[in-house]
Amino acid sequence: MDAQLSPRIVRVNGPLLEVEPLTDVAMSELVALGAQGITGEVVSIRGSAVTVQAYEHTGGLAAGDPAAALGHPLSARLGPHLLGGVFDGLLRPLSGAPTWLVPDGGRREAAGTWRWQPSVVEGATVTEGATLGTLRGPASLELRVLVPPAVRGRVDWLAPPGEHDSRDHVASVSGLRVFMTTEWPVRHARPVRERLAAGEPLLTGQRVLDAVYPLARGSSAAVPGGFGTGKTMLLQQVAKWCAADVIVYVGCGERGNEMADVLEEFGSLSDPRTGRRLAERSVVIANTSNMPMMAREASIYTGVTVAEYFRDMGYDAVVIADSTSRWAEALREFASRSGALPAEEGYPASLPSALAAFYERAGRVTTLGGETASVTIIGAVSPPGGDVTEPVTAQTERFVRGVWTLDRDLAYARHYPAVAWAGSFTRDADTIARWYARHGDPEWGHRRARVTSLLAEADRLGDLAALVGTGSLPGHERVVLLGGRLVREAVLQQSALSANDAHCTAAKTASLVDAVLAVVDECDQLVGRGVTASEIEEVDFSPLLRAADETPPDGVDGVLARRQQVLERLRSLP
């Protein structure tokens with residue numbers, strides 16, 4: 001092909017470019033743009049005219065600059081270097097990068113050496129997903145090198161045990177070299193043998209979630225909340241304390257100083273499970289609001305691909321995306337530039353499909369290697385002005401299994417986590433109740449039902465008391481108001497800054513709920529025997545209210561002692 005027919009940029013519109021003539025190219029294929037080789041993705045093909053969305057800043061590109069198809073879709077480089085690392089939306093390492101990133105055509109690459117230990121012998125027959133060997137490095141997790149999908153046969157060669165570069169191949173199966181690292185298209189889910197029904201709860205250490213709005217392993221949840229309602233703090237608490245092997249934190253379009261706080265927090269926190277640094281089992285994808293718009297769009301898919309990589313090793317991974325609203329705004333901006341017809345509030349008509357495709361990648365599965373593992377997705381939503389009826393929040397609620405709505409009034413009243421019992425829900429409650437019944441706690445479902453009904457009835461009576469006064473209510477209804485206050489303050493409220501209260505075991509959570517319900521039942525019986533509600537309200541309930549903060553995270557005995565102390569005070573009433 002002569003120079004006049006070589007592909008050239010003919011139009012630049014921000015991150016959207018047109019290239020002509022570019023033939024033998026497929027949708028979603030990557031294209032190198034300009035002399036710097038800026039990465040872009042094919043989004044439209046009209047004959048030999050191709051529309052490309054660039055993943056980097058296009059300043060300096062001009063009509064007439066060269067372009068070339070790269071022959072593969074946007075892919076993430078997956079390997080042992082991920083744990084403990086910080087990456088941009090295209091999974092390029094940010095450590096060692098300049099303060100202000102410049103286009104590099106995807107050439108930034110992490111490297112290092114890892115201790116390789118084969119798990120099979122040469123000549124063995126293996127199938128897809130089987131473990132060929134393990135890797136040891138600074139991280140606390142044992143990493144595995146697996147037979148790639150759709151590959152099976154005889155192990156022709158194995159690298160000797162010892163230190164190897166992460167870019168080296170360490171095995172050969174049926175003539176195919178297997179490397180420590182692998183490439184995978186981020187928009188395609190990694191294959192599994194079977195999807196399983198969710199059952200086991202993902203314990204987070206946060207009582208309002210574990211006791212009232214639980215989430216199963218392999219499920220998905222959304223956290224909608226306006227500015228100042230504590231989304232980032234709640235997500236950080238979940239990241240620190242949840243019972244997951246790997247945490248993938250995606251900062252999608254958030255403010256740079258907020259991401260800096262997250263990185264500092266992850267770097268300084270000790271992992272309560274291992275005693276080592278929390279960062280050693282975390283992967284942080286930092287794509288701040290001033291980074292290119294389309295890299296923000298890709299970062300969500302990059303994060304879930306990383307989680308699937310660790311899931312295939314047999315680990316339980318959790319993806320925390322903060323925030324999917326910024327991702328949706330990137331979709332809206334791209335749709336506007338490409339001329340797509342806008343739907344509600346300017347978002348593209350494909351928004352529901354995009355949300356469904358993302359959240360459907362969560363799941364509990366049997367991996368190709370035969371192990372049970374999961375990917376759980378928790379996505380923050382930042383509705384403008386706290387309006388939860390806006391399209392991103394409304395559409396997200398259709399596809400997730402749980403919603404933890406953060407309430408501004410609760411946050412301003414310093415009730416944290418500010419999860420509103422009126423606007424939150426979980427679709428996993430019945431499944432999890434059956435799991436608890438099989439594992440020694442048959443009362444879990446009944447306990448949760450009583451808490452939710454007590455909170456709802458207390459809210460109803462609170463509105464009535466605001467009109468007629470609390471003193472005008474019958475004694476039993478005043479006990480309901482008291483019970484609602486005890487549930488809120490003794491159980492649901494939790495301090496992330498307290499050594500005792502930042503995390504709560506399932507056993508302590510159950511004992512706190514049982515203690516509050518026992519006290520409420522005793523109060524109700526006292527009213528039935530003629531004791532006035534005023535006398536009951538004057539009892540000192542502080543031992544119960546302070547039980548969470550003054551007993552250890554697993555301090556069931558301390559909670560039981562305080563429960564008995566309050567019950568004895570109530571029984572001493574005349």
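**Rings and a covered strand**

Y436 is buried, at a relative accessible area of 8% (buried is under 20%, exposed over 50%, partly exposed in between, with a 1.4 Å probe and protein chains only). This is a predicted model, in which local features need pLDDT of at least 70 and side-chain atom pairs count only at pLDDT 80 or more, while totals for chains, interfaces and linings use all residues. Residues are numbered from 1 along each chain as its sequence is written, and side-chain values use heavy atoms, leaving out hydrogens and water.

Stay with Y436 for a moment. Y436 and W444 form a stacked aromatic pair, 5.0 Å centre to centre with 15 degrees between the planes. Rings of Phe, Tyr and Trp (its six-membered ring) pair if their centres lie within 6.5 Å; planes under 30 degrees apart are stacked, over 60 edge-to-face, the rest tilted. W444 is buried as well. By this rule there are six aromatic pairs. In one of them, W435 and Y436 have ring centres 5.3 Å apart and planes at 85 degrees, so that pair is edge-to-face. Elsewhere, Y301, W327, F358 and Y359 make up one aromatic cluster.

Now for strand β24, residues 372-381, where nine of the ten residues are buried. Strands here are DSSP E runs of at least two residues, numbered from the N terminus, and two of them pair if DSSP finds at least two bridges between them. β24 pairs in the parallel sense with β22 (residues 316-322) over six bridges, and A317 stands opposite V375. With β23 (residues 363-366), the pairing is antiparallel over four bridges, and R364 stands opposite S374.
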